[in-house]
Amino acid sequence: MNYNNITEMIKKEILSVALVILGTIIVTYITFYNEPFTGILRASLSFAWLFILPGWFITGYFEKLTFTARILLGIMLSGALVGIFSYYLGLWILPISKQILLPLALILLGAFAIAARPSTATEYQLPSI
Amino acid sequence: MKMHHIFLWVFLAVLLYIGPGTTFDHRIAHDFPFGLLASDAFQHQIRAEFIKDQDHYRIEAPYTVTGEEGIIGYYQPILYHLSVLWHHVSGLPVYDLEYLVIFVFAIISIMLIYDLIRHWNQNIAYLSIPFMLLFFSGNSLIGFRWGHWPAMLAGAFLLTLIWALPLLFEKGGFVVIAILMSSLIMSHGSEFVFGIFIILAFVAWHFYHSTTWKERAGITKPLIFAVLLTLLIAGYSFIILQKVWLAAYPYEFKFLPKDEGFGPTVNLLWWMLVILFAAIILGLTTLKKKIPWPFVASVAFLVFGYLNIVGFGVRAFTMRFWWPIMLSILAGFLLYFVTQYFTKRFAFFSLWICILVSGFILGVYWNNVPIQGLMDKEHWDTFTYVAQNTPENAKVFFLYNPLYQQDALLRNVKRFHVRANEADFVGKLKNGTVSRYYEAKKPGDWGPGLPFRTGPFSFDTRWEELWNTRNTVQDLCAYDVVILDIGGDPQLQTLYQYQAAIGQAMIQHPWIQPVYNNKANVVLLNSKPGEECIAEAAA
């Protein structure tokens, strides 16, 4: 397991993700201009929590994808996984109203996959004597 | 930020504006379910509402299935869970978020298709965009407004699958495919079938492109893993899909040349088909061995939309809603071929064409406007009052209103209910008879026949014993709550006066009290159901 993968990804992309969330707020504000700003914030930030952030981590495993592709694919995968896990959890284990932290579980799942990702860099070889 | 990123944000903003922004009158939260134009839309709206109320989806709400208890939660669940969970996180109304979810996911999937085309050819991607904008116009909007919601969400996952299939060749990519195939099973089953067809098309394309059999066989292992993982993730839902839905609606060959009974769908005029075939022939002859996957997927979607003539019935018509997106690939390719002399010589030529043609299409063809829909504030307030202020086992009688023909919206009282049938009610109105007996319909979602579980993998249905009880003569006095319509539509004054007369007759009895009223309705509460409440008389 290489936990450096996770920290490197976060360091490299956290600003971009923050800009994506800020961009989401802005386009939501432009689109829904009759909505009070508190409603804009609630919709955008909750969207980020449920779909953007988990999606960012879930797709972190695929280094070759562009950041844009990862965000878009991540939103869809996060939607799928949130819906699927919410359904099963709700059936047997945890009422839906208590599942607000489900995205955190998906983030941790994504982080685990990133850490377990096989290294593509060649390792330093000690010179043979 | 690169130019391309700015372009993507502009594209996103335009899609949001012309789609959900306009549909919702540029608000997110509304005082009542806004923009729903058919019973099916309310079917999904109220299902999410019930799942929110009970905090799980083990069973259907009894008030949605004609009062029957223990009917399993049989609909594909993803849409409802996304809406309810988003409500819990944001505090915004479930009915608004459910509608917004399908729009947003559709838009994200459209951007993925743009990304897919872009990796083939940036110029073709730009030239496809104007046609994509037609998605939020005309009959494509029917998918949203008339309540094909689970199918639209599943369509978005299907488009994502098209984007993601090349990931099968990446380590771990099969997991993505499995998640998406599971999402198809658990959002709308018929799109799962089209997902299988898309995978077959992808395999065929891979075989065509490969030069050795070893290369061809390379897709086998990840596909097998994807299938196994899909069964693991979605197995529970797949059993319900197979044993409940397919049992109620088995595949049968049905030649269905027109969209009868389905409602409007997207249709291609003959000259559009000529242009698309020209694009296909051009592509096959010029691209040859280098035919890219987006091109193949576009042709596949054209075929999907015509599968109504070989037995896929109305499911083919649902695929047509996505034609503006998927067929834009062929249209963009053709436009690129025609303009490539200029495209190759002038930087941003295709981008300028994109902007100009998009402006033309938005100016001339885009026709989305905010429409309030079937619900209004007064009726919503009435239904909410009943839902919040009457006992859970209260029975509700709706007198006649043409609006109530789209009877799924009545489920918002969250109580067992019946509604007076038009012929009998209007007949008595014309006779001037105020009666305690009216023929009434027991509305409900009969779907796959009111299934209930008899074992871990077995189900039975109740529709055979209950189907004939849908329309019966009902005793108004036996109901705990009677809802009268007294105003709203100037053309229904006679109807309102008749219902007012019924109400007047009822409140002569002290155990019947008006407990709520607004401009549209009066709610009468009957504390002695069964006692005589109306003597037959002239109105």
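Tutor: A nonpolar core is a set of buried Ala, Val, Leu, Ile, Met, Phe, Trp, Tyr and Cys residues joined through side-chain atoms within 4.5 Å. Here buried means under 20% relative accessible area, exposed means over 50%, and partly exposed covers what lies in between, with a 1.4 Å probe and protein chains only. The model is a predicted one, in which local features need pLDDT of at least 70 and side-chain atom pairs count only at pLDDT 80 or more, while totals for chains, interfaces and linings use all residues. Residues are numbered from 1 along each chain as its sequence is written, chains are lettered from A and ligands numbered from 1 in the order in which they are written, and side-chain values use heavy atoms, with hydrogens and water left out.

The largest nonpolar core has 199 residues. Those with the most contacts inside this core are Ile113(B), Phe144(B), Leu161(B), Ile198(B), Trp293(B), Phe301(B) and Trp322(B). Helix 4 of chain B supplies the largest share of the core, 20 residues. Helices (H or I, at least four residues) and strands (E, at least two) are DSSP runs, numbered from the N terminus.

Ile198(B) shows how such a residue is surrounded. Beyond its neighbours within four places in sequence, Ile198(B) is in contact (heavy atoms within 4.5 Å) with Leu158(B), Leu161(B), Ile162(B), Leu165(B), Trp293(B), Ala300(B), Phe301(B) and Phe304(B). Another core lies apart from the largest one and has 27 residues, including Val418(B), Tyr479(B), Leu492(B) and Leu524(B).

Two buried residues lead from chain B towards chain A. Leu100(B) belongs to helix 4 of chain B and is buried, at 6% relative accessibility. Setting aside residues up to four places away in sequence, Leu100(B) touches Phe32(A) as well as Pro20(B), Phe24(B), Ile28(B) and Trp86(B). Ile240(B) sits in helix 11 of chain B and is buried too, with a relative accessible area of 5%. Ile240(B) and Phe459(B) are 219 residues apart along the chain, yet their C-alpha atoms are separated by 8.7 Å.

These residues bring us to the interface itself. The contact takes 62 residues from chain B and 51 residues from chain A. The two chains bury about 4,900 Å² between them, 77% of it on carbon and sulfur atoms; this buried area is the accessible area (1.4 Å probe) that two parts lose on being put together, summed over both. Across the interface there are 16 residue pairs in polar contact, both residues at pLDDT 80 or more. A polar contact is a pair of N or O atoms within 3.5 Å; within protein, one must be able to donate a hydrogen and the other to accept it, and residues adjacent in sequence count only if both atoms are side-chain atoms. On the side of chain B that touches chain A, the elements giving two or more residues include helix 1 (3–23), helix 4 (94–120) and helix 11 (220–248) of chain B. By class, that side has 38 nonpolar, 17 polar and seven charged residues. In this classification Ala, Val, Leu, Ile, Met, Phe, Trp, Tyr, Cys and Pro count as nonpolar, Asp, Glu, Lys and Arg as charged, and the others, Gly among them, as polar.

Charged residues also pair up. A salt bridge is a side-chain nitrogen of Lys or Arg within 4 Å of a carboxyl oxygen of Asp or Glu. There are 16 salt bridges over all chains, and the count between chain B and chain A is one. That one joins Lys64(A) to Glu170(B), with the closest N and O atoms 3.4 Å apart. Within chain B, Lys52(B) and Glu49(B) form a salt bridge at 2.9 Å between the closest N and O atoms. Both lie in helix 2 (residues 39–54) of chain B, three residues apart, about one turn of the helix. Glu49(B) is buried, at 9% relative accessible area, whereas Lys52(B) is partly exposed, at 21%. Asp381(B) pairs with Lys377(B), the closest N and O atoms being 2.8 Å apart. Because Asp381(B) and Lys377(B) are four residues apart in helix 18 (residues 377–389) of chain B, about one helical turn separates them.
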